[in-house]
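Reader: Can you walk me through this one? I have not looked at it before.
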Amino acid sequence: MTNDKSLFPDSKIKKESAVDKLCDAIRTLILDGTWRTGEKIPTEHELADTFGLNRMTIRAALQRLNALGILETRVGDGTYVTHFNFTDLISDVSDFYTSSDLVKDAAVFRQIVEGGSYRLMIDNHTPEELDKLRRISKELSDTLDMRISLRTHGNSEPAELIDHAYRLIFLFHEQLFQMTHNKLLYYAHAVSKDAVCQALFESGERRFVVFLKNGKYANLKYHEKILAAIEAKDYAACRSALSTYVSLETKF
């Protein structure tokens, strides 16, 4: 009988710690609705009695689930089931996967993922979501007009105004993905957001100066073209507006 271990690459029995098992048990209680969002869960002492574990193990499991954004422990109050926010969680670790190479890939990602999502945005959005997109677009246009006015009159821009403009750009695209009503696309946007934001910021100011010098203010407001195309339910126009902008972005 052969004893070649290479024939059984997955044959080792994996030991699961008590903390791992407790985390799985708590996650199950949340997922099956036993413990609902916003609800206070039993105390450490009660959990120790229920699961037959020591307080140190209970505390370690709660800390892990706190770190994942599944639970929230409030000092002097207790531990509550939180509303899980994938975007916040992925932003907390984005520094570990965002790299210069990833930033270079941002333009291609936008062409494929955002460009391919416009039909869902057009077909699935609610009137309230479109109104929100209009409000973001209007505020972004007004902010860009303020920037243009300051620059053309030789005045310096407050850093807060520049930051606000980029924040609105990011909110505009986040709202677009919200309008798809597709969680996987929204999560894909969340994972890519920091790399896309970094790419936009790195090229954005150089592009702003060039367009301002040439008087091509419309090129700074491509979001208005995307909004108009969505309102007209014109999928091709949406893709065209994005494609034009991304191609300009890669030149800077």
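Reader: Of the contacts between residues at least 6 apart in sequence, what share join residues at least 24 apart?
Author: In this chain, 73% of them do; contact here means heavy atoms within 4.5 Å. This is a predicted model, where local features need pLDDT of at least 70, side-chain atom pairs count only at pLDDT 80 or more, and totals for chains, interfaces and linings use all residues. Residues are numbered from 1 along each chain as its sequence is written, and side-chain values use heavy atoms, with hydrogens and water left out.

Reader: What does the secondary structure come to?
Author: The chain has twelve helices and two strands, in the order α-α-α-β-β-α-α-α-α-α-α-α-α-α along the sequence. Helices (H or I, at least four residues) and strands (E, at least two) are DSSP runs, numbered from the N terminus.

Reader: How much of the chain is buried?
Author: Of its 252 residues, 37% count as buried. Buried means under 20% relative accessible area, with a 1.4 Å probe and protein chains only.

Reader: Which residues touch the most other members of the largest nonpolar core?
Author: Tyr118, Leu133, Leu176, Ile226 and Ile230 do, in a core of 28 residues. Such a core is a set of buried Ala, Val, Leu, Ile, Met, Phe, Trp, Tyr and Cys residues joined through side-chain atoms within 4.5 Å. At least two residues of this core come from each of α7 (118-124), α8 (127-152), α9 (159-178), α10 (183-214), α11 (222-231) and α12 (235-249). The largest share, six residues, is from α9. Apart from this core lies another, of 16 residues, including Val19, Trp35, Ala48 and Ile58.

Reader: What does Tyr118 touch?
Author: Leaving out residues up to four places away in sequence, Tyr118 touches Leu176, Ile226, Tyr235, Cys238, Arg239 and Leu242.

Reader: And Leu140, buried or exposed?
Author: Leu140 counts as buried because its relative accessibility is 2%. Leu140 is found in helix α8 and touches Ala165, Leu168, Ile169 and His223, again not counting residues up to four places away in sequence. From Leu140 to His164 is 24 residues in sequence and 8.5 Å in space, C-alpha to C-alpha.

Reader: Different topic. What lines the largest pocket?
Author: The lining is Arg27, Ile30, Leu31, Trp35, Arg36, Thr37, Ile70, Val81, Thr82, His83 and Phe84. Helix α1 (residues 18-31) gives the most, three residues. About 270 Å³ of space lies in this pocket.

Reader: How are pockets and cavities found?
Author: On a 1 Å grid over the protein atoms alone, a cavity is a set of points where a 1.4 Å probe fits but cannot get out, and a pocket is an open set with protein on both sides within 12 Å along at least five of seven lines; lining residues have an atom within 4 Å of a point. Grid points are joined across faces, edges and corners, and a volume is the space filled by probe spheres set on the points.

Reader: How many cavities of 30 Å³ or more are there?
Author: The count comes to two. The second largest cavity holds about 110 Å³ of space. Of the 13 residues lining it, Arg110, Glu114, His173, His189 and Val196 are the closest to its centre.

Reader: Which element gives the most to that lining?
Author: Helix α10 does, with six residues in the lining of the second largest cavity.

Terms used:
Buried < 20%, exposed > 50% of the residue type's maximum accessible area, 1.4 Å probe, protein only.
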